[in-house]
Amino acid sequence: MIPDPGNSRTSGVTPSEIPVQHHRPVDETRPLPRHIIRENRRVRSGKVSAPGPLRSAPRMLLNIIRSIPVVLMLLLPVPGSSAAAGQAPSVTKVEPPNWWTGMKTNRIELMLYGRNLGAVRITSSSPAIRIVRTEKIENPSYAFVQIEISPSAMPGTYTLKVHSDGGSVPVQFPVLKRSQPESGHEGFGPDDVIYLITPDRFANGDTSNDNVPGMADTLNRRDPFGRHGGDLRGIIDRLAYLKDLGVTALWLNPVVENNMQHASYHGYGATDLYRIDPRFGSNDLYRDLVRKAHGMGLKVIMDHVNNHIGISHPWIADLPTPDWLNGTVEHHQKAFNSKPELDDVHSDSVTKQKAVNGWFADYQVDLNQRNPLVADYLLESTLWWIEFSGIDGIREDTYPYIEPSFRESWCAAVMKEYPRFNIVGEVWVQDPAFLAPYQKGSRIPRRIPAQLPAITDFGLFDAFMKAFADTAGRIENVFTCLAKDFLYPDPDNLVTFLDNHDIRRIMYNVNGDARRFRVALLTLLTTRGIPEILYGTEIGMTGGPDHGTIRSDFPGGFPGDTRNAFSAGGRTEAESTLFDYTRRLLRIRRAEEPLRRGKLIHFKPADEVYVYFRIWKEERVMVIVNHNRNEKQVPLEPYLHQLAGAVKLKELMSGTAYDLGTTHSVTIDGMTGGIYKVIAGEK
């Protein structure tokens, strides 16, 4: 994503206590407070002159005076030192807030927030919860304790105790029963069509949460980068519309809390990784959306971000450890939006690190997953959301920029816990040679083998744009890109698209040309892969050149809208034509298994006509794409070996049948396509 401007259960046994282990950060230098750093920097740079008498003082004396702030800081009590040791600890929050019985991942790292936690011991009053270790960190605002939940643990609320020389405090930790450990979390694949929603811009179903006390960014529909009021209730209210359209999976841009000052609507600057943004709804409402979607045969994919958080996250003002981030707010590697270097055997090692450690934007703070506490936190929050909500898959943002060893172990751990799950990583690289190494099973060697099941097919997207967005483009671009599928371990598990929330809409790119739009959509929905369409594509929403206008409001989703394009009566004639066309294509794809699962056999385009077959078991579908402006007579003779045994072709969009005993060619209108079911024998 490119940035914009129960009951307590105790046993009475002796509490288990494990010696504290010290956390050793990558950089053990404790930073000075920012105002002192700034002041010292100003003095040393000469921007602030020393007082008059000092101008003639010996250099040694001047250096001593300049170092006074540092000396004073060294005299202050270190957090967690004896100065605070006599104070009782307090705990205000625990993350994750609960866990479940029967999880394969039963050893978890709890992050405790509070005060006077710098020198604590943590014990458990039940053998069902074993304390593995307590991490020693300097910051007394946090404590980390790794616990192991016994496989025989019963559901209930367990008590942990946090001890210090100043006293003890109990902490309640719920362990819940898994609702459906052997079902759900179905993943997504070529049988699906993904519908991508920017929740703030889709539909406002609850105006009472448009503005929420304590949330900085308020409702302003006049601002393309402001919040417009769309929410989870609005999506729930439109599930019937989406089911009727024919999509099968919903990908929502991030919905966790983003309490940023501005442009928080897109969701990619999280300020609480365990809370749904209250302007979208609540954790329970998100779970309700997933359950209602499942009840209608729709899957839900969570947009997830391991790479970065928002600069307004409370951690930024009080870092748990000095190496929680890659760099600091003041000093960090700027965005390095280039990825070929990551696999280039000739690439400089420092250049590679810039791509991984660079901040995506100054307000999107890069997390350091080499810190094991950060890594544990991110994995556990991911598993928590999957188990809590029942989602079917994840779209992982900015995948190449995540620390490589972490991202692959994260993928492996998620897939081990949920074997039917699927994860698609956003890999914004157009060259298949650089895309392919990210997919699990890649034959292209890597020091850390890939574990990611699915990737975004920016290679095919690029080919689509060269063919359909460019009026002088050639359909051979699509053929050539697909001819490189030998590079991928599983090309059918690539997510294909004509646009998304980061890219100018397809209707914008074709300059409003409905014919180019329709033939591009037909190609997307009939070739290999898992197609994704952006909300509003079905009515030809055009959007604009920037993110704020790409993510325009769906007409009729908001109070005060003059018409409602969710209903047939509220669409313009042009919108109705495109909606009916899209729905027809989706229904054909759903009905014809070869279009979803079939092997792709294609032929090099001739005279801008591209012919391909999708073959599944004994069934075949033939697709002819005429990329010319004019009508074309397409001879069938070059494809007769693929039509062996067939007696008819039935064009599925129009219903027209062709007798292969008398038909030697088919006529295709300009800039359109035909989908032909191959019929063997009389049916």
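This is a predicted model: local features need pLDDT of at least 70, side-chain atom pairs count only at pLDDT 80 or more; totals for chains, interfaces and linings use all residues.
Let us begin with how helices pack. Two packed helices are described by the angle between their axes and by the distance between those axes. If you want to find the contact on screen, look in α10 for A375, L378, L379, T382, L383 and I386, which meet F406, W410, A413, V414 and E417 of α11. Sorted by class, this contact of α10 with α11 holds nine nonpolar residues, one polar and one charged.

Helix α10 also packs with helix α7, residues 283-295. Here the axes are 9 Å apart and the angle is about 60°, so α7 and α10 are oblique to each other. On the α7 side the contact is made by N283, D284, Y286, R287 and V290, while α10 brings W384, W385, F388 and S389. The contact of α7 with α10 has five nonpolar, two polar and two charged residues.

Helix α13 spans residues 458-469 and helix α16 spans residues 514-526. Their axes come within 10 Å and cross at roughly 150°, and α13 and α16 are therefore roughly antiparallel to each other. The crossing of α13 and α16 is right-handed. From α13, the residues in contact are F464, F468 and A469, and from α16 they are R516, V519, A520, T523 and L524. By class they divide into six nonpolar, one polar and one charged.

Now for the spaces inside the model. Which residues lie nearest the centre of the largest cavity? They are V256, L273, D303, H304 and V305, out of 14 residues that line this cavity. The volume of the largest cavity is about 160 Å³. Strand β14 gives the most, with three residues. The lining of the largest cavity has eight nonpolar, five polar and one charged residues.

Next comes the second largest pocket, which holds about 470 Å³ of space. It is lined by 19 residues, and those closest to its centre are L342, D343, K352, P404 and R446. Helices α9 (349-357) and α11 each supply at least two residues of this lining, and α9 gives the most, with four. By class, the lining of the second largest pocket divides into eight nonpolar, two polar and nine charged residues.

Finally, two backbone details are worth a visit. The peptide bond from E95 to P96 is cis, with omega near -5°. You will find P96 in the loop between β2 (90-95) and β3 (99-100). The other detail is T398, whose phi is near 40°, a positive value in a residue other than glycine. T398 sits in the loop between β17 (393-396) and α11.

Methods
Residues are numbered from 1 along each chain as its sequence is written. Side-chain values use heavy atoms; hydrogens and water are left out. Contact means heavy atoms within 4.5 Å. Ala, Val, Leu, Ile, Met, Phe, Trp, Tyr, Cys and Pro count as nonpolar, Asp, Glu, Lys and Arg as charged, and the others, Gly among them, as polar. On a 1 Å grid over the protein atoms alone, a cavity is a set of points where a 1.4 Å probe fits but cannot get out, and a pocket is an open set with protein on both sides within 12 Å along at least five of seven lines; lining residues have an atom within 4 Å of a point. Grid points are joined across faces, edges and corners, and a volume is the space filled by probe spheres set on the points. Axes are lines fitted to C-alpha atoms, for helices over the stretch in contact, and angles run from 0 to 180 degrees between N-to-C directions. Angles under 35 degrees count as roughly parallel, over 145 as roughly antiparallel, 65 to 115 as roughly perpendicular and the rest as oblique. A crossing is left-handed if the near helix is turned anticlockwise from the far one by less than a right angle, and right-handed if clockwise.
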